[in-house]
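Trainee: I have a structure to work through today. Could you take my questions one by one?

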Amino acid sequence: MSMNEDYDVIVVGAGFGGPVAAHKCASAGLRTLMLERSVTPGDKVVSGLAIPFYAFLYAPEFIRDGNPPLERPIRQVVNNFIRDGEIYAKDTSLWIPPPLVLTYTAYCVPLCVWLADRAVEAGTELRTRTTAVDLVMEDGKVAGVVTDKGDTIRAKVVIDAAGTQDGLALKAGLRKKLPTDTLELYMLWDYEMAREDVEREFGNKVEFFCAMPDERIVAPLGFGSTFYIFVYRDSIHPGLGQFIVTEDKVENVARHLEDYFERFTTTVSRWRDDIAPKVTLRAKMFDVCPIYAGLDRNVREMPIHGDGMMIIGDAAAMESAAFGDGVPNAWFSAAIAGDVAVEAVKAGDTSAGFLQRYDERVKAHNLIGASLSDTRRYDMRWALPGNDEREMRRRAHELFGRGVWRWRHITGQVVREAMQAMSRDPGGALKWLKMFNRFNRNCETGFSDTLSKYE
Amino acid sequence: MSMTYQEFPGVEWIEGAGDFITVDEKLCDGCGNCIRVCLAKCYKMTGKKAHVDNLERCMECGACWYSCPPDAIQFSWPPGGTGFRTLWG
Ligand SMILES: Cc1cc2nc3c(=O)[nH]c(=O)nc-3n(C[C@H](O)[C@H](O)[C@H](O)COP(=O)(O)OP(=O)(O)OC[C@H]3O[C@@H](n4cnc5c(N)ncnc54)[C@H](O)[C@@H]3O)c2cc1C
Ligand code: SF4
Ligand code: SF4
């Protein structure tokens with residue numbers, strides 16, 4: 001084996017979290033290698049995607065102060081309630097005034113490429129088209145990875161940022177396959193739409209749809225979950241999620257997803273008459289989303305580190321149980337893992353005992369903790385037994401209406417933390433304001449400072 | 001070489017992925033979960049045993065693997081640079 005196959009850190013995966021960890025390590029001067037199995041970073045990441053404002057407020061500075069490729073600032077959520085195939089009520093109580101933003105929509109490839117660019121700029125070596133198929137184990141300690149090309153690459157620390165269906169943490173004996181009842185299967189569509197039409201039909205709003213199970217369009221919970229339309233610069237991105245299991249039985253999810261979407265698009269006039277004539281289907285995709293993994297005690301108790309290894313983001317089941325947003329926690333946990341890797345390599349100790357501080361800092365992170373334990377979305381199912389529409393609307397109001405700002409919810413916690421931070425450091429608040437203004441302008445013009453070319 | 005399919009516009013499959021998902025017939029109890037969750041229709045049932053018919057439209061979601069009670073499905077990633085990709089995720 002040649003000397004140049006030795007690294008301080010190997011990051012597996014250049015999705016949303018990997019590049020953040022790699023950026024930290026490389027910036028501190030560690031020899032950092034990032035492996036990505038896809039051709040282009042992000043081209044195997046199938047996501048929503050709307051990234052809530054708090055991800056950017058508390059993300060590493062290079063994101064907050066940079067020019068990432070984002071699509072549209074979203075300032076309002078419209079909850080549509082459907083009965084007899086039509087919208088009969090709306091809850092539009094969740095909104096925020098400009099220049100503030102609730103969430104930014106984005107495509108995965110441009111954003112993951114931008115993040116990977118920043119990691120490479122900081123000194124990370126990025127190898128795409130490379131799958132890590134196994135770990136190098138030495139005396140029970142992770143000492144590197146084996147690639148699909150048959151290469152053995154050694155490192156002092158491996159950061160596993162391989163996303164949901166990750167197999168490496170299983171191979172290391174640290175984690176187990178996620179239980180089926182924590183998962184949803186999502187179907188996603190991408191439609192082109194002229195910018196004037198997007199402005200007229202949606203503006204800076206995203207829409208959610210709720211209905212009781214009998215409608216067979218989208219149930220609040222049960223085997224149906226959310227149906228949403230995320231709104232981009234000149235396209236829209238609907239997503240329909242279904243639980244894989246109800247009452248211990250695996251549903252015919254494949255058929256339900258196709259049927260429900262067909263029924264929605266042909267019966268609900270909001271789509272059939274207002275939207276359908278103005279859109280062209282560009283892509284159709286699907287993926288598994290581990291939305292309730294955080295609510296499962298056994299999953300929460302699975303280790304997120306071992307000897308020579310730390311596990312971040314979706315590979316560590318850190319998707320928020322409330323909104324299904326996983327990017328914030330992928331960024332937060334990646335930043336912590338990056339810091340700990342730097343400390344460990346400097347201290348010459350990458351044992352599980354040293355890396356324990358990764359665990360501790362993740363557990364002490366208020367936003368990660370609050371998002372993993374949020375039961376509001378899961379609790380929507382309690383509207384089902386009585387077929388209780390009022391209960392469904394009350395619960396939707398808590399989740400995607402003004403109820404979001406309650407102190408005990410994650411968003412309330414964010415506001416509280418932000419206020420504390422502002423009183424400590426008013427200069428920081430100014431940076432946030434600048435961030436919103438810059439991001440909003442960039443969404444208008446489509447500007448980003450991406451370096452890599454891709455197609 | 002890559003393939004596209006009418007059912008999934010905007011997605012391409014790069015050749016060389018191989019048999020990255022397999023069923024251990026000895027463990028399969030014929031419950032049919034894999035068929036019910038796979039949106040790409042990758043599985044077929046012969047008698048009381050499921051098998052991977054083809055992975056041509058597989059989006060590597062793992063739903064089959066997660067839904068198999070006796071753990072009869074082996075799931076791994078295809079080699080780097082192969083399998084599905086999309087610019088619209
Ligand atoms: C349908 C859906 C909707 C979602 N909506 C939202 C949303 O609106 N907002 C939000 O914030 N989050 C959303 N999420 C969650 C979000 O996409 C994830 O939480 C986020 O992508 C996790 O980041 P990550 O870095 O942990 O993993 P990923 O972004 O999945 O990155 C993992 C990377 O590792 C690579 N990889 C995997 N294995 C290997 C290997 N062995 N060798 C080399 N490379 C490997 C993959 O190709 C991939 O690029 C959604 C998810 C889904 C499925
Ligand atoms: S990974 Fe997903 S698409 Fe591929 S065979 Fe399994 S269920 Fe089907
Ligand atoms: S889910 Fe598993 S056990 Fe059930 S039919 Fe498929 S392979 Fe067989």
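The questions below go through ligand sites, aromatic rings and a pocket.

Trainee: What kind of model is this?
Mentor: Keep one thing in mind from the start. This is a predicted model.

Trainee: Is the site of ligand 1 within one chain or shared between chains?
Mentor: Look at which chains supply the residues around the ligand. Residues from chains A and B surround ligand 1. The site of ligand 1 is therefore shared between chains.

Trainee: How many residues surround ligand 1?
Mentor: Begin with the closest ones. They are A:Gly17, A:Glu36, A:Ser47, A:Ala50 and A:Asp314.

Trainee: How far is a polar side-chain atom of A:Ser47 from an oxygen atom of ligand 1?
Mentor: Polar contacts pair N or O atoms within 3.5 Å. A backbone N or O atom of A:Phe16 lies 3.2 Å from an oxygen atom of ligand 1. For a side-chain N or O atom of A:Glu319, the distance to a ligand 1 oxygen is 3.3 Å. For the polar side-chain atom of A:Ser47, it is 2.6 Å.

Trainee: Why is the pair of B:Tyr5 and B:Trp13 edge-to-face?
Mentor: A ring pair is described by the distance of the centres and the angle of the planes. Planes over 60 degrees apart count as edge-to-face. The centres of B:Tyr5 and B:Trp13 are 5.5 Å apart, and their planes meet at 65 degrees, so the pair is edge-to-face.

Trainee: Are B:Tyr5 and B:Trp13 buried or exposed?
Mentor: Buried means under 20% relative accessible area. Both B:Tyr5 and B:Trp13 are buried.

Trainee: Which residue has its charged end over the ring of B:Tyr5?
Mentor: Chain A has a case of a charge over a ring: the charged end of A:Arg416 sits over A:Trp407, 5.4 Å from the ring centre. For B:Tyr5, the distance to the ring centre is 4.0 Å, and the residue is B:Arg57.

Trainee: How many charged residues are in the lining of the second largest pocket?
Mentor: This pocket holds about 520 Å³ of space. It is lined by 20 residues, and A:Tyr378 and A:Arg381 are among the closest to its centre. The lining has 10 nonpolar residues, three polar and, for the charged class, seven.

Conventions: Residues are numbered from 1 along each chain as its sequence is written. Chains are lettered from A and ligands numbered from 1 in the order in which they are written. This is a predicted model: local features need pLDDT of at least 70, side-chain atom pairs count only at pLDDT 80 or more; totals for chains, interfaces and linings use all residues. Side-chain values use heavy atoms; hydrogens and water are left out. On a 1 Å grid over the protein atoms alone, a cavity is a set of points where a 1.4 Å probe fits but cannot get out, and a pocket is an open set with protein on both sides within 12 Å along at least five of seven lines; lining residues have an atom within 4 Å of a point. Grid points are joined across faces, edges and corners, and a volume is the space filled by probe spheres set on the points. Ala, Val, Leu, Ile, Met, Phe, Trp, Tyr, Cys and Pro count as nonpolar, Asp, Glu, Lys and Arg as charged, and the others, Gly among them, as polar. Rings of Phe, Tyr and Trp (its six-membered ring) pair if their centres lie within 6.5 Å; planes under 30 degrees apart count as stacked, over 60 as edge-to-face and the rest as tilted. Buried means under 20% relative accessible area, exposed over 50%, partly exposed in between (1.4 Å probe, protein chains only). A charge sits over a ring if NZ of Lys or CZ of Arg is within 6 Å of the ring centre and within 35 degrees of the ring normal. A residue is near a molecule or strand if one of its heavy atoms lies within 4 Å of it. A polar contact is a pair of N or O atoms within 3.5 Å; within protein, one must be able to donate a hydrogen and the other to accept it, and residues adjacent in sequence count only if both atoms are side-chain atoms.
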